[in-house]
Amino acid sequence: MAKTEIKKVLTRGLLQQNPLLALLLGTCPALAVTTSAVNGLGMGLASTFVLFSANLVISLLRKLIPDKVRIPAFITIIASFVTILKFLLQAFLPDLDKALGIFIPLITVNCIILGRAEAFASKNKPLAAMIDGIGMGLGFTAALFSIGLLRELLGNGSAFGYKLTFLEAIGLKPMTLFVLPPGGFIIFGILIAFSQLLMKKLYTDEPYTAEKAPRIQLDKVESAYAGQDRQTAERKERIRGPEAVTGAEGQKRQAEASEEAK
């Protein structure tokens, strides 16, 4: 891969194709575990590890996996790395493992990881698959960390568990709303809007929206279909001849021919 291609694959997951803020994938763990910066960072790095490892193995085995069983094969590979990750967290980071809870095993069916396996890793070489896994994983991690940090700052007045006394000094008191699910939706929506504005400034090809879709004029569509039907009828008449026309149209033409003969 050329350096420009490596840079493009590595950076597109950070903003332009961010799994959470642009593609809106993985929203369940994003809203459930991001009550603190540590949880958001931990969940993001855990997903990055599985994404990187699964992309590499699936890319290496892409020519050996039969097409009919590729999805079960992908899930089996992903589940293997999730099991390894679960054991590592239990051994070295038990507090984080307890905080993330059921969402660690649910990485197995995370649509981000399965989607990259199907759309990219199974169609590209190992190096490209690894870079894609790192880029998408870091983009997901950055989004989760941002949501968790903002919710912790606004909800508890702390960061990484440390109380920030200067927030109360400037009049910013903790608001429990942001630790609760409604606060997660609010922060999530704000970050999506901010990322969209940032993309419009950084990229010339703006995200496709419904407002940019071409408007369809029904009268033109109907007239086009009417013209097409008329052309089809004329073509059939030229091929088969006037004597082949049957039904009401045939009776009308026979009556006109008899009147002309008289």
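I worked on a 1 Å grid over the protein atoms alone: a pocket is an open set of points with protein on both sides within 12 Å along at least five of seven lines, a cavity is a set of points where a 1.4 Å probe fits but cannot get out, and lining residues have an atom within 4 Å of a point. The model is predicted, so local features need pLDDT of at least 70 and side-chain atom pairs count only at pLDDT 80 or more, while totals for chains, interfaces and linings use all residues. Residues are numbered from 1 along each chain as its sequence is written, and side-chain values use heavy atoms, with hydrogens and water left out.

Pocket entry. I found Leu14, Leu15, Asn18, Leu21, Gly139, Ala142, Ala143, Ser146, Leu191, Phe194, Ser195 and Leu198 lining the largest pocket. Helix 7 (126–156) and helix 9 (181–202) are the elements that give two or more residues to that lining; helices (H or I, at least four residues) are DSSP runs, numbered from the N terminus. I noted a volume of about 160 Å³ for the largest pocket, where volume is the space filled by probe spheres set on the points, joined across faces, edges and corners.

Cavity entry. I searched the whole structure and got one cavity of 30 Å³ or more. The largest cavity has a volume of about 40 Å³. Its lining consists of Ser47, Leu51, Asn110, Ile112, Ile113, Met136, Gly137 and Phe140. Helix 3 (37–60), helix 6 (111–119) and helix 7 each give two or more residues to this lining. I noted that helix 7 gives the most, with three residues.
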